[in-house]
Amino acid sequence: MLYWCGRHNICCFLDNHQYQLGGNYECIAGAGAYRLVTASAGNALEQLDRFLHQHGNDWHFGHVGYDVKNEVEALTSLLPDHIGFPDLFFFVPEVVLILSQNELTIGAFGEHDAIMNAINSASAVPGPHRAATISHRLTQTEYLERVQRLKEHILRGDCYEINFCQEFYSEDADISEIMLYQSLCRESPTPYACFYRIDNQYLLCASPERYIQRRGDRILSQPIKGTIARHPNDAAADQLARVQLQSNAKEQSENVMVVDLVRNDLSKICREGSVIVEELFGIYSFPQVHQMVSTVAGTLKEQVTTGDIFRASFPMASMTGAPKKKVMELIERYETVKRGLYSGTVGYIAPGGDFDFNVVIRSIQYNAHTKYLSFHTGSAITINSDPLAEYEECLVKAKHIKKVLN
């Protein structure tokens, strides 16, 4: 499925790697663009709603980039963008592939048998690939200084938590996109992985985090905040790390702040009294790290659109901080490049309006035309943050991406 989809100029391949976390499908993909909408922040969500209204009986795949924040919160961004993804992009695919319980379902504007034969005969053709030389956009000293300044903002009362990120990049990367995505997933299989292509722009995503899911009138978000490195070769040390994360007061405070933000976001679009925290401080294990995950759910009001849901909850709380608008202003001030799809979301919308979207983290963005490759890592800064510990957390999150690139 992946090899066949990757041949198309526009495709979205979503894989849960057999994690059982409430997704509808083991794997779902859309390839080719029968219809599409692309928009810049300003009236992007309105255009999305209009597009979904016109083609509501179709499948849709696509993304909302981080800079749609400018539309949601009346902000601006002047930071450089080296990748070039549009702020918003959705497409009705020519072919939809759904893998569930060992059964492959095909939906297509075309001949099903011919498509099945093409999928069965698809194979990877390795392109040129060499180890990428990775540079840090910020030196360690610069990073530590900026975190200290952010803590001063917290002390003054400007905010009380901010997700601060740094970019790692290569300006002359020559990669085989599908092979690199497979290497990333072998190194770190995650439940919200994604291979996503729009012409020359690629996203290779190994995300462990769900942004938001809709099933009927039920809406659910699962923010992650709290990370500790695993010890795969030492079971006792690994279990101790899990216990340490579970009882870490700083990580709990970060997580509960984000949970409160999500509760507030969902309350704008949900029936009064229906928003609940289904799980607080759950510990979930992934190949490199243990994560603290909470689950917030609610029942939607009548006639709430997909655009309304994004408008109320985007960007996701785990990738911004509190209060949202102020911390996004600080992010613009202290980060060095646009996040692009990082901190945005990729997913699908099914006929009838149900959807599932990830949080774009642990991901590589790549422009095949300019050969520019980029990935970000970040952490939540609070008044109790140790700048050096935050820097080291970023390096832990970057480690497996650097490994596959080198």
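P315 lies in the loop that separates α9 from β15 (321-322); helices (H or I, at least four residues) and strands (E, at least two) are DSSP runs, numbered from the N terminus. The peptide bond between F314 and P315 is cis, with omega of about -5°. The structure is a predicted model, in which local features need pLDDT of at least 70 and side-chain atom pairs count only at pLDDT 80 or more, while totals for chains, interfaces and linings use all residues. Residues are numbered from 1 along each chain as its sequence is written, and side-chain values use heavy atoms, with hydrogens and water left out.

A cis peptide bond also joins A322 and P323, with omega of about -10°. P323 belongs to the loop between β15 and α10 (324-334). Most residues other than glycine have a negative phi, and most peptide bonds are trans. H17, a residue other than glycine, has a positive phi, near 50°. H17 is placed in the loop between β1 (10-15) and β2 (27-39). With a relative accessible area of 23%, H17 is partly exposed; buried means under 20% relative accessible area, exposed over 50%, and partly exposed in between (1.4 Å probe, protein chains only). S343, which is not a glycine, likewise has a positive phi, of about 75°. The loop between α10 and β16 (345-349) holds S343, and at 0% relative accessibility S343 counts as buried.

Two packed helices are described by the angle between their axes and the distance between the axes. Axes are lines fitted to C-alpha atoms, for helices over the stretch in contact, and angles run from 0 to 180 degrees between N-to-C directions. The axes of helix α2 (residues 44-54) and helix α9 (residues 306-313) come within 8 Å and cross at roughly 155°. This angle makes α2 roughly antiparallel to α9; angles under 35 degrees count as roughly parallel, over 145 as roughly antiparallel, 65 to 115 as roughly perpendicular and the rest as oblique. The α2 and α9 crossing is right-handed, where a crossing is left-handed if the near helix is turned anticlockwise from the far one by less than a right angle, and right-handed if clockwise. L45, E46, L48, D49 and L52 of α2 make the contact with T306, G307, D308, F310 and R311 of α9, contact meaning heavy atoms within 4.5 Å. By class, four nonpolar, two polar and four charged residues form the contact of α2 with α9. In this scheme, Ala, Val, Leu, Ile, Met, Phe, Trp, Tyr, Cys and Pro count as nonpolar, Asp, Glu, Lys and Arg as charged, and the others, Gly among them, as polar.

Helix α5 (residues 140-156) packs with α10 at an angle of about 155°, the axes being 12 Å apart. The two helices, α5 and α10, are therefore roughly antiparallel to each other, and their crossing is right-handed. On α5 the contact is made by R146, R149, L150 and H153, and on α10 by L330, R333 and Y334. The contact of α5 with α10 has three nonpolar, one polar and three charged residues.

Overall, the protein has eleven helices and 19 strands. Its radius of gyration is 20 Å, close to the 22 Å that the globule rule gives for 406 residues, so the protein is as compact as a globular protein of that length. The radius of gyration is taken over C-alpha atoms, and the globule rule is 2.2 Å times the number of residues to the power 0.38. Of the 406 residues, 57% count as buried.
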